[in-house]
Amino acid sequence: MKSLDKFVSAKLETLDRSGLRRQLVTTRRLDDGHARRDGQELISFCCNDYLNLSQHPDVKKAAIQAIEDYGAGSGASRLITGNHPLLGELEGRLARLKGTEAALVFSSGYMANIGIIPSLLGPEDVIFADQFIHNCLVAGSQLSGARLIYFNHNDLDHLTDLLHANRADHRHAMILTDGVFSMDGDLAPLPELGEIARQHDCWLMSDDAHGVGVIGDGGRGSSFCFDRKPDIPLQMGTLSKAIGSFGGYLCASQAVIDFMKTRARSLIYTTALPPASVAAAIRALDVIENEREYCARPMYNARLFARELGLPEPQSPIVPIITGDSARTMQLAARLEDLGFLVTGIRPPTVPEGAARLRVTFSVAHKEEEVRALAKALADIGALSPEGSEE
Ligand SMILES: *Cc1c(COP(=O)(O)O)cnc(C)c1O
């Protein structure tokens, strides 16, 4: 065997032994929150399309019309000829939604994060990051070359101690957090983080991928969930979750946005989004701005589920059920699949060792009886009992 194949085969064997090998499973999403896998129809509780807007007739119509009018692709980077007028319209809408001076659309949330952070920080600088930030914020931090220091999840005292010990040794500093943590579904204490950032001259950046559309003042996102409005100069998010399309964005001051246009490599050296994705996102924002009750449904379903199982009140439509061991988690997920429910098992390194979980996400498409049926199935298979105590 060649050394390359030998190397990867040995790695795969190790992953298999610890139940950590990942595989792609062909899945056909249906338009009602269900999915088809291996010929079986399942109720899906693991989709980020919280508002089912990817299937919304008006959103689909807007995308189809944009293809008819402008074609299937954008043809170039935004800095060359790919800066379609629809992008400016979308950016105006995003800035209005978040209440910032300006916004900038990237080709995905991942691309936004790996572009924004290295544009602002270099090796002389320091990043204080919540230990549970999304992987693409870690990737962006590493690309910047800045020193990366983690603080314990949502632990403001720990953050403050680290700032006292390390801030003064560096030129610029950033504090990085998710608005809604993607694997735990809890909120960051954004007003307090904003205050700490101000005291220590740090730039606060939040990732609102799971907040926009579903929480905070009719879906304006995590920065609108608090009595006092947090001061967050860098608010990024994605168009590919509740907004139902594809792409990422940064909402910030006009100066920051102008700087990104001339510095963010993942904006400059990649092709612009297809017009259809942009048109779909604009139409989806119409729904989010105008239909408050519709946008409240995912939270309603998450609360119903938590009540059924006696879990703490959820802060977002993401409800984790910590199951501990990776192998047990994957077995529980397989049993749920046999019962007609699609719930993803999440394993290390996505979550800490020993904290594998079933991650349940709720959408507008779920019917109350489907939510109750999932709660009952989880109880029946012993998913909530501590490890090893089921039959
Ligand atoms: C999904 C996600 C991203 C990446 O967004 P994409 O548009 O899918 O690339 C970034 N941050 C968080 C917290 C996410 O959950």
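This is a predicted model: local features need pLDDT of at least 70, side-chain atom pairs count only at pLDDT 80 or more; totals for chains, interfaces and linings use all residues.
## Four-stranded sheet

An open sheet of 4 strands runs in the order β1-β2-β3-β12, with mixed pairing. Its edges are formed by β1 (28–29) and β12 (341–342); each has a single partner strand, so one side of each is left without a neighbour in the sheet.

Strand β2 spans residues 34–37 and pairs with β1 in the antiparallel sense, over 2 bridges. Within this pairing, Arg29 has Ala35 of β2 as its bridge partner.

## Three-stranded sheet

A further open sheet has 3 strands in the order β11-β14-β13, and its pairing is antiparallel. The edge positions are taken by β11 (318–324) and β13 (344–346), each of which pairs on one side only. On average, and with direction ignored, neighbouring strands of this sheet are turned by 30 degrees against each other.

Strand β14 covers residues 356–361 and is joined to β11 by 6 bridges, the two strands running antiparallel. Ile318 has its bridge partner in β14, namely Thr361.

## Helices α2 and α10

Helix α2 (residues 57–70) and helix α10 (residues 275–290) have axes that come within 8 Å and cross at roughly 145 degrees. The crossing is right-handed.

On the α2 side, the contact is made by Asp58, Val59, Ala62, Ala63, Ala66, Ile67 and Tyr70. These meet Pro275, Ala276, Ala279, Ala280, Arg283 and Ala284 of α10. Sorted by class, the contact of the two helices has 11 nonpolar and 2 charged residues, and no polar ones.

## Cavities

The structure contains 2 cavities of 30 Å³ or more. By class, the lining of the largest cavity divides into 4 nonpolar, 7 polar and 2 charged residues.

The second largest cavity holds about 40 Å³ of space. Arg78, Leu87, Val105, Phe106, Ser107, Leu267, Ala272 and Leu273 line this cavity. In this lining, 6 residues are nonpolar, 1 is polar and 1 is charged.

Conventions:
Residues are numbered from 1 along each chain as its sequence is written. Side-chain values use heavy atoms; hydrogens and water are left out. Axes are lines fitted to C-alpha atoms, for helices over the stretch in contact, and angles run from 0 to 180 degrees between N-to-C directions. A crossing is left-handed if the near helix is turned anticlockwise from the far one by less than a right angle, and right-handed if clockwise. Contact means heavy atoms within 4.5 Å. Ala, Val, Leu, Ile, Met, Phe, Trp, Tyr, Cys and Pro count as nonpolar, Asp, Glu, Lys and Arg as charged, and the others, Gly among them, as polar. Two strands pair if DSSP finds at least two bridges between them. On a 1 Å grid over the protein atoms alone, a cavity is a set of points where a 1.4 Å probe fits but cannot get out, and a pocket is an open set with protein on both sides within 12 Å along at least five of seven lines; lining residues have an atom within 4 Å of a point. Grid points are joined across faces, edges and corners, and a volume is the space filled by probe spheres set on the points.
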